[in-house]
Amino acid sequence: MINIQSLTFSYKAGRPLFENLNLQLQPGHIYGLLGKNGAGKSTLLKQITGLLFPDAGKVEVFGEVASGRNPSFLQDIFLVPEELYLPKVKIKQYLATRACFYPNFDYKAFDAYLKEFEIPQNQYLPEMSYGQKKKFVISFALAANTRVLVMDEPTNGLDIPSKSIFRKLIAGTLTDDKCIIISTHQVRDLDNLIDSIVIIDNHRIIFREAVETVTDKLSFKVVPQLNPAETVLYADSNLRGHAIVTPNQHQEHSRIDMELLFNAVLSNRQSIQEIFN
Amino acid sequence: MQNNFFSINRLGMYLRKEISDNYKAYLLTTSLMLAAGIGFALIGFFNLHQWEKEIKVSDLLPPYIIFFALYIGLDASRSFNALAKTERRMDFFLLPASKFEKVLGQFLITFVFVTIVFHLCAWISFKTYQTLAITYKGATVVYDWDRIFHPKFTYFNFLQLMLGLHAAFFFGATFFYKFSFPKIFFSILIILFAGWFLNIAITNILFGKSLHDWFTNIPFFAIFTNKQQFAYVVPEWLGRTNLFIAQFLLIPALWVLSYFRIGDKEIQ
C-alpha cells in the first residue's frame with residue numbers, strides 16, 4: 001500500500017536526512033513509528049502524505065506518487081498533524097464544507113465518535129481546548145474512512161480517559177484495506193494498539209517488526225534482581241525492581257513493553273539485529 | 001476514472017469551504033467598503049454647492065479607479081495567506097482538491113467576487129449620492145463616460161488593466177504570505193525600476209551620444225534623441241506585438257507561473 005523506495009531527502013544541501021531509505025507498509029496493520037527527536041519521523045510522514053518531495057527515490061501510496069497531491073490520492077489519505085489548524089466555524093459548518101471531499105465519509109460514525117469523546121455537536125471550534133480540538137480532528141479523521149490514516153503525536157493533549165477511547169476507536173476502525181501509521185514519543189499510549197513497530201534512528205529505519213515477532217523473540221519482564229548469568233539486552237531500574245528485555249530462549253509469553261523495546265533497540269542494536277535476522 | 005485536474009463539483013465544494021471559513025472577514029470587508037462608499041457619498045453631498053447643478057460621472061471615476069485598484073491589489077495579495085502558517089499550509093495542501101481548482105478558486109474569489117462586490121458597493125454609494133443630490137440640491141447627473149472611456153480606451157481595456165494588476169499581485173502572493181500587499185507593491189516598483197534602468201543602460205550603450213538625455217526613453221516603445229529625427233519609435237508591427245504580449249500573454253503567463261509555484265510548495 002505504501003511503497004518507499006531509495007528515498008533520499010535533505011532539508012539542507014550536504015546534510016541528508018534520509019539516504020536510500022526503503023519501507024513498505026501493508027494494509028490491515030497499525031504501524032507505530034518511533035524515534036528520538038529529530039530522527040525524521042515527521043519528515044517521513046510528510047513524505048508519505050505528499051507534503052514534502054523526495055530529492056531522489058520514490059514515495060507511492062496505493063500506486064500514486066504522493067508528491068503529485070492528486071485529489072484521488074488526497075481523498076484516500078488523512079493526516080492528523082501535531083499542530084492543528086481549525087477555521088473559526090462551528091462543528092456543523094466544518095462538517096458541511098469538508099466531509100464532502102471524502103467520498104467514504106461516515107456521518108453517523110462521526111456523531112458516535114464525538115459522543116464517545118464527549119464533544120458537543122454545536123461547539124464553536126476556536127473555543128475548544130487543545131485536547132478537544134485534537135479529539136475533534138481524530139473523530140473527523142476516523143469518520144473520513146480513508147485507506148491511509150497518518151497520525152503525528154495523536155495522544156498529545158489527550159486526557160487519560162480519552163487516550164483509552166482513542167485506542168478503542170482506532171482498533172475498531174481498522175479493516176483489511178486500511179493502513180494506520182502512528183508516530184509518537186509517548187509509546188505507552190500505543191500499548192495493545194499497534195501491531196507493527198518501525199523505529200527510525202540516525203535517519204534510517206533500524207527496526208521493523210510485527211509485535212507478534214517481537215514477543216516471539218524477546219521477553220519483557222520485571223525481575224527483583226539482575227541475574228549476571230542471563231543475557232539482558234536492556235534493563236531499566238524502577239521501584240518494583242528491574243524491567244528487562246532478554247532473548248526469548250524458553251518461548252515464554254510476555255507482553256511487549258514498547259518503551260523498553262525502543263531503548264533496547266537504540267542501545268543494543270547489533271544484538272537485537274542478530275536475534276531478528 | 002477520476003479527473004485529477006479539474007472537476008466543477010470539487011471547485012464548487014472548494015469555493016463553499018473557502019467562503020464558509022472566511023465569511024466573517026468577507027462580510028467585514030464588504031461592510032467597510034460599503035460604509036466608506038456611503039461616507040464618500042455623504043461627504044460629496046455636503047460639499048455640493050447649491051450653484052453646482054450638474055454632477056459629472058467623469059469626476060467620480062478617478063476615486064472609483066483608485067479604490068477599485070486598491071481593493072483588487074489588497075485582495076489579490078492575500079490570495080495565498082493560508083500558506084503563512086505551517087498548520088494552515090498543511091490544511092491547504094491536504095484538502096482533496098486539485099492544484100488547479102485551488103488556484104482557480106482563489107482567482108475567482110479575489111478577482112471575480114471582489115469585482116462584483118466592489119461594483120455593488122460602488123453602485124449603492126453612487127445611487128445614495130445621486131438620490132441625495134437630486135432630492136435636496138436639485139442637481140442632475142451627467143453621464144459623460146466618454147471623457148475617460150472612448151473607442152481607443154474602452155471599459156474592457158480598463159478591466160484588462162485591473163486584471164493585469166490582479167495577476168501581478170496574485171503572482172506576488174505566491175512569494176509573500178505575511179504583510180504581502182506592501183511587500184508585493186514595493187517588489188513591483190523595484191522590478192519596474194530595474195527594467196527601466198536596464199533599458200537606460202542598453203539605450204546608452206547603443207545610442208549614447210545621440211540621446212536627448214541619458215534617461216529619455218520609453219521601454220519597448222521609443223527613444224528620444226538630440227538628432228533632427230527627434231524620436232526613434234518602434235515600427236508599428238513591433239508596437240502591436242508588444243501590446244498584444246502585454247494584453248494577452250503577460251497576464252496568462254503570470255497565472256501559469258502562480259499555478260506552478262503553488263504546485264511546487266512543500267511543508268518544511
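Biologist: How do β3(B) and β4 of chain B pair, and over how many bridges?
Modeller: In this predicted model, β3(B) pairs with β4, residues 222-224 of chain B, in the antiparallel sense over two bridges.

Biologist: Which residue in β4(B) is the bridge partner of B:Asn217?
Modeller: That is B:Ile223.

Biologist: What order do the strands take in that sheet?
Modeller: The order is β3-β4-β5 in chain B, three strands in an open sheet with antiparallel pairing. β3 (217-218) and β5 (231-233) of chain B are the edge strands, each pairing on one side only.

Biologist: Switching to the interface. How many residues of chain A and chain B are in contact?
Modeller: Chain A has 29 residues in contact with 30 of chain B. The area buried between the two chains is about 2800 Å², and carbon and sulfur atoms give 58% of that.

Biologist: Which three residues supply more of chain A's share than any other three?
Modeller: A:Arg69, A:Tyr85 and A:Phe101, which supply 24% of the area that chain A buries against chain B.

Biologist: How many salt bridges cross the interface?
Modeller: The rule finds two between chain A and chain B. A:Arg98 forms a salt bridge with B:Asp91, with the closest N and O atoms 2.8 Å apart.

Biologist: And how many residue pairs are in polar contact?
Modeller: 11 between chain A and chain B, counting pairs with both residues at pLDDT 80 or more.

Biologist: Which element gives the largest share of chain A's side?
Modeller: α3(A), with four residues.

Biologist: What is the makeup of that side by class?
Modeller: The side of chain A that touches chain B has 18 nonpolar, seven polar and four charged residues.

Definitions and conventions. Residues numbered from 1 in each chain as written. Chains lettered and ligands numbered in written order. Predicted model: local features only at pLDDT ≥ 70, side-chain atom pairs only at ≥ 80, totals over all residues. Heavy atoms only, no water. Contact = heavy atoms within 4.5 Å. Buried area = accessible area lost by both parts, 1.4 Å probe. Salt bridge = Lys/Arg side-chain N within 4 Å of Asp/Glu carboxyl O. Polar contact = N/O pair within 3.5 Å; in protein donor to acceptor, adjacent residues only side chain to side chain. Nonpolar A, V, L, I, M, F, W, Y, C, P; charged D, E, K, R; others polar. Pairing = 2+ DSSP bridges.
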